[in-house]
Amino acid sequence: MPTILRGAPIAARLRLGIETSIAELLARGGARPTLVTILVGRNPAAEAYRDAIERTFRRVDIDHRPRSLPTETSAGDLADELHRLNLAPDVTGVLVLMPLPPHLSSHVVLETLSPLKDVDGITPTNAGRLHLGLPSLRPSTPQGGLEIVDHYGIDLRGLHAVVIGRSNVVGRPLATMLTHRHATVTLCHRQTRDLASHTRRADVVATATGVPGLLHGDMASPGAIVLDFGISVVADRLVGDADPASLDHVAALTPVPGGIGPVTTLVLARNTIAAGFAALSGNLDHVDLATPHLEVPYDEPTPSHA
Ligand SMILES: NC(=O)c1ccc[n+]([C@@H]2O[C@H](COP(=O)([O-])OP(=O)(O)OC[C@H]3O[C@@H](n4cnc5c(N)ncnc54)[C@H](OP(=O)(O)O)[C@@H]3O)[C@@H](O)[C@H]2O)c1
C-alpha cells in the first residue's frame, strides 16, 4: 500500500511560521496582511478553493475579503478593479480565481496586477524571476506540493518527474521548481502522444489537469511517487486527478482531499504576508530575505564546469 502523504502535519508547522511572520511584519510597520480574492461568475472548483481559503485564513488570523463579480464582467471592468486594488494600501495580496468565463483572457490579470500583490506568482515579473531563480512570490499550489515533498524527506535530485498540465499557475511553474531541485522533468499536456508511456517511466508523477481519474493504475510504475494537484467536484465530493483505488502499488500518494490542498492555502497565506514585506520595501528583491524562515532554500544549480 502507498504511503499517504497528508498535508496536515505540514500545516501545523506552517501555521506557526505564519504567526511569527505576521508579528514581524506589523513590528516593521507593515499593513495587516489582507487578501482579496476575485471570483468572476460561478465555478464549483473555484468556489471550493475560495471556501478553503476563507477557512484557513480565519484560522491564521489573516483578513480574506472575497469579491464576486458577475459573469458578464468585461476585461475593462476587471482591469479597473485590479488597478484599484493595486493602489489600496490596506490590501497586501490579490488572487483572481481561475477559470475566468470564456470571454475573459487571463492576460488581463497577468498584465494588470501589481507584481508586489501577485500572491500566486502569475505576473510576468514573478514568473520570470522564478524561472531565473530570483526571489519572487511563488505560485502557491506548486510550492504547496514541494512543501509536502520536503516534509516527507523526498530527495528529488536526479529523479525523473513527469508533470501533467502546463498552466501558468500549476503545471508550468511546478516544472520549473522541479528543475531547480535537480529533477529531470517531462512536461505533458493534451497534445502529448501516449501519455502513459511517459508516466510509466516516471519516479514522480505530478498531475494537475482537473480531469478526475486521469491517472489510473496502469499509468504508474511500482515505486512511483504520485503528487495529485487536481481538484474537481464530482457528485458534491472533492476528487483529484488520480484514481487512488487503482494505484495501490505505488510508493506514495497525496490524497484528495487532505493532501496538497490544505498546504496550498497556507502557502497562499504565507505569500500574503510576504507581499506585505514587498510593499514595505517596494520591490521583490528581499521577499525571501525579509522572511528567511518562510523560505524553502533555493538550491543554486552547480555549473557543469565547476
Ligand atoms: N491543490 C490546489 O490547491 C489547487 C490550486 C489550484 C488549482 N488546482 C487544481 O489543479 C487542476 C489544474 O488547474 P489549472 O488551473 O492548472 O487548470 P487548467 O488551466 O485548466 O490547465 C489544465 C492543464 O491540464 C492539461 N490537460 C487537461 N486534460 C488533459 C489530458 N487528458 N491529458 C493531458 N493533459 C491534460 C491541459 O493541457 P493543454 O495545455 O494542452 O490544454 C492544461 O495544461 C484543477 O483541478 C484545479 O482545480 C488545485
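Guide: What follows is a set of questions about a predicted model, each answered by setting a value beside its definition.

Visitor: What makes a residue count as being near the ligand, and which residues come nearest?

Guide: A residue is called near if one of its heavy atoms lies within 4 Å of the molecule. Around the ligand there are 19 residues, and those that come nearest are Thr-141, Arg-166, Ser-167, Arg-190 and Ile-231. Sorted by class, this shell holds eight nonpolar, nine polar and two charged residues.

Visitor: How much of the ligand's accessible area does the protein cover?

Guide: On its own the ligand has 930 Å² of accessible area, and the protein covers 76% of that.

Visitor: How do you know which residues of H2 and H9 are in contact?

Guide: Contact means that heavy atoms lie within 4.5 Å. By that test Tyr-49, Ala-52, Ile-53, Thr-56 and Phe-57 in H2 meet residues of H9, including Leu-266, Leu-268 and Ala-269. The contact of H2 with H9 comprises seven nonpolar, four polar and no charged residues.

Visitor: What describes the packing of helices H2 and H9?

Guide: Two packed helices are described by the angle between their axes and by the distance between the axes. For H2 (residues 44-59) and H9 (residues 260-281), the angle is about 65° and the axes are 9 Å apart. The crossing in which H2 passes H9 is right-handed.

Visitor: What makes Asp-61 worth a remark on its phi?

Guide: Most residues other than glycine have a negative phi, and most peptide bonds are trans. Asp-61 is not a glycine, yet its phi is positive, at about 65°. Asp-61 sits in the loop between H2 and strand S3 (63-69).

Visitor: Which peptide bonds are cis, and where do their prolines lie?

Guide: The bond from Met-98 to Pro-99 is cis, with omega near 5°, and Pro-99 is in the loop between strand S4 (93-96) and helix H4 (107-112). The bond from Val-256 to Pro-257 is cis too, with omega near 0°, and Pro-257 belongs to the loop between strand S11 (252-253) and H9.

Notes. Residues numbered from 1 in each chain as written. Predicted model: local features only at pLDDT ≥ 70, side-chain atom pairs only at ≥ 80, totals over all residues. Heavy atoms only, no water. Areas by Shrake-Rupley, 256 points an atom, 1.4 Å probe, with all protein chains shown as cover. Nonpolar A, V, L, I, M, F, W, Y, C, P; charged D, E, K, R; others polar. Axes fitted to C-alpha atoms, helices over the stretch in contact; angles between N-to-C directions. Helix = DSSP H or I, 4+ residues; strand = E, 2+ residues; numbered from the N terminus. Left-handed = near helix turned anticlockwise from the far one by under 90°.
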